[in-house]
Amino acid sequence: MDKLAPTEIRYPYAIVRACSELPYLSTFIEMPDGFLRVVLKIVQKINLRNPFSEIFASRQTLADEAGKSTDTVHRAIQWLEQNCFIERERKARLGLRGSRSPLVPTLKLLTALGLVDERGISVEQKKKPSSPPPSTEPLSPRSANTWQETGTVENLASPADRDGRGFTRIGNVSLPTDLIWLCTKGLSPFAVLGLMKRARAASQRLSDVVLAARKYLDKLKSNQLYAYLQTLLGSGRDFSASHREDQRKSDETRENAYLLEKSEIFEGRTFVSRKTGKTYQIESGAVRETYEGKSSMSPFTRAFLDAIEAGKLVPRQWGE
C-alpha cells in the first residue's frame with residue numbers, strides 16, 4: 001500500500017489525522033492487514049457534521065476505491081461489525097427490488113479515531129472559528145509517524161503553550177513534557193499519541209518505557225524509533241517496575257537528606273517523653289535514649305520528628 005489517502009482529494013483535517021493514526025491505534029491491532037485500505041475508505045466517507053449518519057457506498061465502490069476484491073470488502077465490513085465499529089440495518093428500496101444496508105459508524109469507532117468525544121459531540125462542532133486546521137493535505141504512512149518540521153522543541157511549542165500540568169502543546173496536540181523529545185527525534189505528535197494509547201492497552205506508561213530504554217532510543221530516529229517502541233510495548237515486560245524502583249531510590253535519597261538536615265538543626269538538644277519520662281538527646285545525627293540510668297543509640301528517623309510534632313516529645317528545660 002503506497003498511501004493512506006489519495007492525493008487528488010482534500011479531506012477535512014480530522015479525517016486525515018484519523019486515517020494517519022488508525023494503523024497505529026491499539027484498538028485496531030487485531031485487524032487483518034488486508035482490511036486496512038477498505039477501512040480507510042469507509043473512514044474517509046464519515047460526515048463530520050453528523051458523524052453517526054449512514055454511509056451509503058456500495059461494496060463494489062469500496063472495492064474499486066480500495067483496490068480490493070468485493071469479497072475482501074465484505075469480510076472487512078463483517079470484521080468491523082463483529083467488533084462493534086459499525087452497525088448495519090437492512091432497508092427496503094422503495095419502488096425497487098431488493099434491499100440496501102448502509103453502514104453506521106458507532107461511538108466506539110468515532111471515539112477511537114478522535115472524531116467525537118465521549119458524549120458523541122463531533123470535533124467539528126467544538127472547533128473554534130479562529131483556529132483553522134493546520135493542514136488539509138492527505139498524509140502518507142511515513143508522515144503518520146515522522147515529524148517533518150525542522151528545529152528544536154522551542155520551535156514547536158512556546159512557554160505560553162505549557163499548561164502547568166506537565167504537558168506541552170505542539171500544534172493541536174498536547175503531550176507529556178517528558179515525551180516531547182521524541183518529536184525532535186523524528187516522530188510526529190500523533191505517532192506519540194498512538195504509542196501512548198498502545199502503552200495504556202498494555203497497562204504501561206509510555207514515559208516509563210522511554211525512561212527505561214532511553215540510552216537505546218537516543219541512537220534511533222523516526223521510523224526506527226517508532227518500530228522499536230512498538231516492539232518494547234509488545235514484549236510483555238513490566239517497565240513500571242524499574243520506574244518504581246528508581247522512584248523509590250530517589251525518594252529514599254531525598255528523605256535521607258531531609259533527616260540529615262533536621263538532625264543538624266536539633267544537634268545537642270534533649271527531649272522528654274510525656275508518657276514514659278525517657279529522655280532523647282540528638283548526638284552526631286543519631287538519638288541517644290536514656291531511661292533509669294541506661295542508654296542506647298538509635299537512628300534519627302521520621303517517626304522521631306513526628307513524635308516531636310505531635311507533642312509526645314517535649315524539649316527538656318534547663319535545670320530539669
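Reader: Is the crossing of α2 and α4 left-handed or right-handed?

Author: The crossing of α2 and α4 is right-handed. A crossing is called right-handed if the near helix is turned clockwise from the far one by less than a right angle, and left-handed if anticlockwise. Please note that this is a predicted model, in which local features need pLDDT of at least 70, side-chain atom pairs count only at pLDDT 80 or more, and totals for chains, interfaces and linings use all residues. Residues are numbered from 1 along each chain as its sequence is written, and side-chain values use heavy atoms, without hydrogens and water.

Reader: How is the packing of α2 and α4 described?

Author: Two packed helices are described by the angle between their axes and the distance between the axes. Here α2 (residues 36-44) and α4 (residues 70-82) pack at about 70 degrees, with axes 9 Å apart. That makes α2 roughly perpendicular to α4, a term for angles of 65 to 115 degrees. Axes are lines fitted to C-alpha atoms, for helices over the stretch in contact, and angles run from 0 to 180 degrees between N-to-C directions. Helices (H or I, at least four residues) and strands (E, at least two) are DSSP runs, numbered from the N terminus.

Reader: Which residues of α2 and α4 meet?

Author: From α2 come V38, V39 and I42; they meet T72, V73, A76, I77 and L80 of α4. Contact means heavy atoms within 4.5 Å. By class, this contact of α2 with α4 has seven nonpolar residues, one polar and no charged. Ala, Val, Leu, Ile, Met, Phe, Trp, Tyr, Cys and Pro count as nonpolar, Asp, Glu, Lys and Arg as charged, and the others, Gly among them, as polar.

Reader: In what order do the five strands form the open sheet?

Author: The order is β10-β9-β8-β7-β11, with antiparallel pairing; two strands pair if DSSP finds at least two bridges between them. The edge strands, β10 (294-299) and β11 (313-315), each pair on one side only. From one strand to the next, the twist averages 30 degrees. Helix α15 (residues 302-309) packs on the sheet and touches β7 (270-273), β8, β9 and β11; its direction makes about 70 degrees with that of β11.

Reader: How many bridges join β8 to β9?

Author: Five bridges join β8 (residues 279-283) to the antiparallel β9 (residues 286-291), and E283 stands opposite A286 in β9. S284 lies in the loop between these two strands, β8 and β9. S284 has a positive phi of about 50 degrees although it is not a glycine. At 73% relative accessibility, S284 counts as exposed, the class over 50%.

Note on methods: Parallel < 35°, antiparallel > 145°, perpendicular 65-115°, else oblique. Buried < 20%, exposed > 50% of the residue type's maximum accessible area, 1.4 Å probe, protein only.
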